[in-house]
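Dear colleague,

Please find below the structure that I am handing over to you. My notes on what was found in it follow.

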Amino acid sequence: MARPRTLLTKWIKRFRLTDWNIRLRVVPFASLNTGSDGGSVKFGEAEWDPYERQAVITIADPATVPEDAPDLEELIVHELLHIVVNGHQLTNDDINFERVVRTLVPCLVRRGR
Ligand SMILES: [Zn+2]
């Protein structure tokens with residue numbers, strides 16, 4: 001699973017998150033989408049602890065995602081941006097932060113290529 005880790009390292013540096021301890025978990029797509037929490041299909045998630053500056057980014061294994069899955073780099077940037085945007089707060093699913101993240105990701109990734 002070299003590519004997700006390489007991308008994570010690249011964007012941790014770019015976002016100046018090197019003072020965080022960020023762990024990457026790569027799991028089967030199906031295990032990210034068990035049960036019905038009423039939401040849309042999930043390709044990744046981020047959880048963090050602002051007191052310890054520790055985070056876990058979970059992404060669906062690219063080998064297991066459907067064809068319409070988001071771009072891997074955009075997915076990783078999306079999850080890291082949650083830490084950039086609201087890593088000073090406890091994890092929540094605030095709609096405004098989600099909207100900010102979704103707006104910024106394509107701007108950042110497509111320009112950075
Ligand atoms: Zn999000």
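How many helices and strands does the protein have? It has 4 helices and 3 strands, where helices (H or I, at least four residues) and strands (E, at least two) are DSSP runs numbered from the N terminus. Along the sequence they follow the pattern α-β-α-β-β-α-α.

Please note that this is a predicted model, in which local features need pLDDT of at least 70, side-chain atom pairs count only at pLDDT 80 or more, and totals for chains, interfaces and linings use all residues. Residues are numbered from 1 along each chain as its sequence is written. The average pLDDT (the predictor's confidence in each residue, from 0 to 100) is 90, and 95% of the residues score at least 70.

The 3 strands form an open, mixed sheet in the order S1-S3-S2; strands count as paired if DSSP finds at least two bridges between them. S1 and S2 are the edge strands, each pairing on one side only. Neighbouring strands are turned by 15 degrees against each other on average, direction ignored; axes are lines fitted to C-alpha atoms, for helices over the stretch in contact, and angles run from 0 to 180 degrees between N-to-C directions.

S2 (residues 44-49) and S3 (residues 54-60) pair in the antiparallel sense over 6 bridges. Gly44 stands opposite Ile59, and Asp49 has Gln54 as its bridge partner. The two strands form a hairpin with 4 residues between them, and Arg53 in the turn has a positive phi of about 50 degrees.

In a regular strand, side chains alternate between the two faces of the sheet. In S2, the covered face holds Gly44, Ala46 and Trp48, while Glu45, Glu47 and Asp49 lie on the uncovered one.

The helices against the sheet

Helix H1 (residues 2-14) lies across S1 and S3, at about 150 degrees to S1. Helix H3 (residues 72-86) lies across S2 and S3, at about 25 degrees to S2. H3 is largely enclosed by the rest of the structure, because 11 of its 15 residues are buried (20 or more other C-beta atoms, placed from the backbone, within 10 Å of a residue's own). Among them are Leu75, Ile76, Val77 and His78.

Overall form

Buried residues make up 24% of the 113 residues. The C-alpha trace spans about 35 × 30 × 25 Å along its principal axes.

With kind regards

Note on methods. A residue is buried if 20 or more other C-beta atoms lie within 10 Å of its own, exposed if 12 or fewer, and partly exposed in between; C-beta atoms are placed from the backbone. Two residues are in contact if their C-beta atoms, placed from the backbone, lie within 7 Å.
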